[in-house]
Amino acid sequence: MEFAWPEAHQTYREEVRAALEELLPPDWRETTGRDGMGSDAQIAFSRGFCAELARRGLLLPHWPSEFGGRDASQWEQFILAEEMKLAGEPRGPQYMNVNWLGPTLMKYGTEAQKAEHLPRIAAGAVIWCQTYSEPGAGTDLAALQTRAERVGDHYVINGSKIWTSYSRKADWSFLLARTGPERKAISIFLVPMNTPGIEVVSFPGLVEDGHLNEVFFTDVRVPAENRVGEEGHAWEIILYALSFERVGIPRYRLGMAVLDQLMAKLEREGRASDPIVRARAGKIASKFQAAMLLTYVVVDEREKRAPPSVVGNTSRVGAAEAVLDLMDFIAEVSPDSLHEHNDIGQFYRGNISASIAAGTYEIQLNLIAQQALGLPRGG
Amino acid sequence: MDFQLNEDQSVLAGAVQSACQPWRDLPADHKRVNAFYAGDLQRKLKADGYLDPIAGGLSTLDAGLIVLETATLPVVVEASGSALIAPHVLPGEEIAGPIALLSGDLTKPQRNLTIARVALVDIGDDVVLLPIDQADVETVETYLGFPYGRFKVAPDLSRGRRLGAVALAALRQWSRVALTLECAGAAATAVAFTVDYVRQRMVFGRPVGSFQAVQHRIAQCHQIAQGMRWVGLYAAFTGEARDADLAAAYAQQHIHKVVFDLHQFNGGMGVTYEHKLHFWTYRLRGLQSEVGGATGAALAVADARWPVKAA
């Protein structure tokens, strides 16, 4: 056990920062990045930006060399994620590609699927969306009703999905659909979003534009070879992908940066010397410190090739506690920020659903209780 | 970074665990007490070098692991002052502990005073190394899980040695690291104890621990205990005052939740001395106010990160 950053990792972080400095226009946060990573503008920007990251070897250094990476440490992936998040996530939705969609295909995809999709992801110019949730199946994903019926060498898909971030501009979808009557008879399909019968309808809501979409599938024909894994056996794959998603976003880094900005704002307004404000800010900072270290425990497990563990759920709970405390603090001491399109306002709005997406806060607690503590299932 | 114990650290942790093993329960004739100072264990740990790890060439992180491990016991030993704090306040000097860490009005209850041979006294602008004559001390009846005592009359601090501002800063920094690790050990053990209890204790025909309302709150306490562990060990490793402040701010602000929730789930049994929960939870209560408490630590975090500019 030791907690120092090796020199190579420090150098790598500097390299990432230098690339961001060079590649992002000076007014990027106020223009392209203004409306968050789900916006059309940021998705469009990500196609060029990620392609350039790929050219520089900074898109997926942690991937195996056979798939376009350089077998770098998991720590490098997280350094990359921290710096990108801090910069407003200019990778747009493509952070999903490199963090879990690609690794999931590496583990469970067919050779043809790997050959088709991994080079495209590694080139940094493809947008994916995840079509998981439905109006009647969010936390209880196994309740999903979208059906995929085998017809010859195709599946025909009918149903609807919701909360589908990025789907309006996505090239491909990672789709979950029911292939049998049993509760967990679910399969995964890789579906081109330009397939006839797919309709995306956006709707307004509390979280930013680009995240709230419905996707309707009407007699959508998908080749059988686009199924990932055995028919009806997607559950293991879903859990594998979710284990990455749950700690894939280093919210602690952005949270601390936003807390710094908030304190600077209060300083400008002559309110930063209030000991009540200062003590509250210090306590929130300590929660981000804990969230960061709990996340690093997960990275360390991945670095050591340990299977996904409940530590990831613990980390997510810690991060949620810190984020929610900061959101409360913003609402209390700087309510005007809730109306602004600056980093503070965007952090607040962007995290409204942070304790819901990718497995709710309560699901994380269930998993900790049952898997880490061995408490009996109940009700 | 590496979050797993290396081979040397595993050997160290295993050795301390072995030394502590006979003290995982209290002596049969002392089961109904609020606190039990294990003098025999204190002497054994001292004799085996675990209370002088830094002088013995071990790291501050190693010393932190020793504090963490001893804090899991139901009995009390004084490891924080001896193993982690004194070596930074008085580098290179050997202090014969147990050491009490005192502040404020010394005629009011002070933790570990009745077992101490020497004290480090925070007097606001300096720290005083004060030998303790137990004839000057009276025991304070308490339900907190440490031995408490107070001076019969305020001691003459001129009998002690003033150590200066650098030593004072070290005392506060390393006290925050140590109290965080004590919290982490106590909280993790209290969670484990409660988990055992709620898996067995039946209510309404089913285990208490099968209710989701109970599971969620215990899971939150588990997350908090893990958070305490890592912020404490990280601060022990870096030796940075800011990390010590963050650690204590995190640990101390969460004590109220851990103590409240775990007592709720142990019910009436939890308030009896024969049920061991109180050893850990009411040690946590004892640690809640130390070195300025969560608010003091949080203000230190703020002062370092967001200094107030002069008008």
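This report walks through a predicted model of two chains, from their overall build to their contact and a few local details.

Residues are numbered from 1 along each chain as its sequence is written, while chains are lettered from A and ligands numbered from 1 in the order in which they are written. Because this is a predicted model, local features need pLDDT of at least 70 and side-chain atom pairs count only at pLDDT 80 or more, whereas totals for chains, interfaces and linings use all residues.

**The two chains**

Let us start with the secondary structure, where helices (H or I, at least four residues) and strands (E, at least two) are DSSP runs numbered from the N terminus. Chain A has eleven helices and eight strands. Its radius of gyration is 21 Å, close to the 21 Å that the globule rule gives for 379 residues, so chain A is as compact as a globular protein of that length. Chain B has nine helices and nine strands. Here the radius of gyration is 19 Å, close to the 19 Å from the globule rule for 311 residues, so chain B too is as compact as a globular protein of its length. The radius is taken over C-alpha atoms, and the globule rule is 2.2 Å times the number of residues to the power 0.38.

| Chain | C-alpha box along the principal axes | Buried residues |
|---|---|---|
| Chain B | roughly 65 × 50 × 45 Å | 53% of 311 residues |

A residue is buried if 20 or more other C-beta atoms lie within 10 Å of its own, exposed if 12 or fewer, and partly exposed in between, with C-beta atoms placed from the backbone.

**Domains of chain A**

By an automatic or database domain assignment, chain A is divided into domain 1 (7–126), domain 2 (130–232) and domain 3 (246–372). The C-alpha centres of domain 2 and domain 3 of chain A lie 30 Å apart. Four residues of domain 2 of chain A are in contact with six residues of domain 3 of chain A; contact here means that the C-beta atoms, placed from the backbone, lie within 7 Å.

**Where the chains meet**

The contact between the chains takes 40 residues from chain A and 44 residues from chain B. On the chain B side, helix 5 (165–200), strand 9 (206–207), helix 6 (212–238), helix 7 (241–266) and helix 9 (293–305) each supply at least two residues. Helix 6 of chain B gives the largest share of that side, 15 residues.

Which elements cover the buried residues of helix 11 of chain A? They include helix 9 (311–333) of chain A and helix 6 of chain B. Helix 11 of chain A (residues 361–372) has twelve residues, and its buried residues are A:Gln364, A:Leu365, A:Ile368, A:Ala369 and A:Ala372. They cover an arc of only 135° around the axis, which puts them on the same side of the helix; the arc is that of the directions from the helix axis to the C-beta atoms. After helix 11 of chain A comes A:Gly374, with a positive phi near 70°.

**A loop residue in chain B**

B:Leu163 sits in the loop between strand 7 (161–162) and helix 5 of chain B. With 19 other C-beta atoms within 10 Å, B:Leu163 is partly exposed. Leaving out residues up to four places away in sequence, B:Leu163 touches B:Val89, B:Leu90, B:Asp126, B:Val127 and B:Leu129. The C-alpha atoms of B:Leu163 and B:Leu90 are separated by 8.1 Å, although the two residues are 73 residues apart along the chain.

Conventions:
Two residues are in contact if their C-beta atoms, placed from the backbone, lie within 7 Å. The expected span of a helix is 1.5 Å times one less than its number of residues.
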